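Please open the model in a viewer and display it as a cartoon.

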Amino acid sequence: MNRLAKAAVVALALSTTAAPMFAQAQDRDRREYRQDRRDDHRDFRQERRDDRNDWRNGRYDDRQSYRQDRRDDRRDFRAERRDDRRDYRWDRSNRDWWRGRADFRGYNGPRAGYWYAPSYGYYRVEPRYAGYRWRTGGYLPSQYRSYYVRDPYVYGLRPAPRGYRYVHAGGDILLIAVATGLIASVLSGVY
């Protein structure tokens, strides 16, 4: 078998194993997040159950203290849920929000002549697009349209409309029309 055939076999083997590994890591993160939310909800229900038992068994002096305790429980639960969502999402005020995330595993900062797309890695870019400022109404070249944003929720984005996709372009995220590459929206300086 010649070198070219061996290289092709190795490339095929790597491509068929790498994508499922990335998807598996992202699924594991989502499962852990959901399990944390389930645990929080279970704790909240237990607290409410304990409050009701205390009320029934006469361990409250009056109705006001019972209501206040229940109100505090609800506030705590909502605050925990809000904190959980913040931990999972992109924080514009924190420049290092991406550190420790599985999809940014190979990211070492900007490189000259390359862009980085989370879960894809670094990819070479034409010199004329290095540092390019994307604008709404422009077109993204076809060779850069395949670096889709896998989980828009992380960046605080709504799901893309039908016929559109979010893509990584340098440190920006663009909403483009899949068929033409027309840029509908630009989110600059994400990482």
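**The chain as a whole**

Begin with the cartoon, in which 2 helices and 5 strands can be located; helices (H or I, at least four residues) and strands (E, at least two) are DSSP runs, numbered from the N terminus. Traced along the sequence, these elements follow the pattern α-α-β-β-β-β-β. This is a predicted model, in which local features need pLDDT of at least 70 and side-chain atom pairs count only at pLDDT 80 or more, while totals for chains, interfaces and linings use all residues. Residues are numbered from 1 along each chain as its sequence is written, and side-chain values use heavy atoms, with hydrogens and water left out.

Next, display the surface. The accessible surface of the chain comes to about 13100 Å², and carbon and sulfur atoms hold 47% of that area (Shrake-Rupley method, 1.4 Å probe; for residues, only the protein chains shown count as cover). Of the 191 residues, 31% count as buried (under 20% relative accessible area; exposed is over 50%, partly exposed in between). Among contacts (heavy atoms within 4.5 Å) between residues at least 6 apart in sequence, 45% join residues at least 24 apart.

**The negative patch**

Select Asp43, Glu47, Asp50, Asp76 and Glu80, which form a patch of negative charge on the surface. Patches are made of residues with over 30% relative accessible area and no salt bridge, like charges being joined within 9 Å. Asp and Glu count as negative, Lys and Arg as positive, and His and the chain ends are not counted; the place of a charge is NZ of Lys, CZ of Arg, CG of Asp or CD of Glu. Helices α1 and α2 (63-88) each supply at least two residues of this patch, with the largest share, 3 residues, coming from α1. Centre on Glu47 in helix α1; Glu47 counts as partly exposed because its relative accessibility is 36%.

**The positive patch**

Now select Arg28, Arg31, Arg34, Arg38 and Arg105, a surface patch of positive charge. Arg38 lies in helix α1 (residues 3-56). With a relative accessible area of 44%, Arg38 is therefore partly exposed.

Finally, move to Asp172 in strand β4 (residues 172-177). What is the nearest side chain of opposite charge to Asp172? It is Arg133, 6.3 Å away; Asp172 is buried yet has no salt bridge (a side-chain nitrogen of Lys or Arg within 4 Å of a carboxyl oxygen of Asp or Glu). Display also Tyr132, Trp134, Val167, Leu187, Ser188 and Gly189, which Asp172 touches when residues up to four places away in sequence are not counted.

Technical notes. Patch = residues over 30% accessible without salt bridge, like charges linked within 9 Å, V, L, I, M, F, W, Y side chains within 5 Å. Buried < 20%, exposed > 50% of the residue type's maximum accessible area, 1.4 Å probe, protein only.
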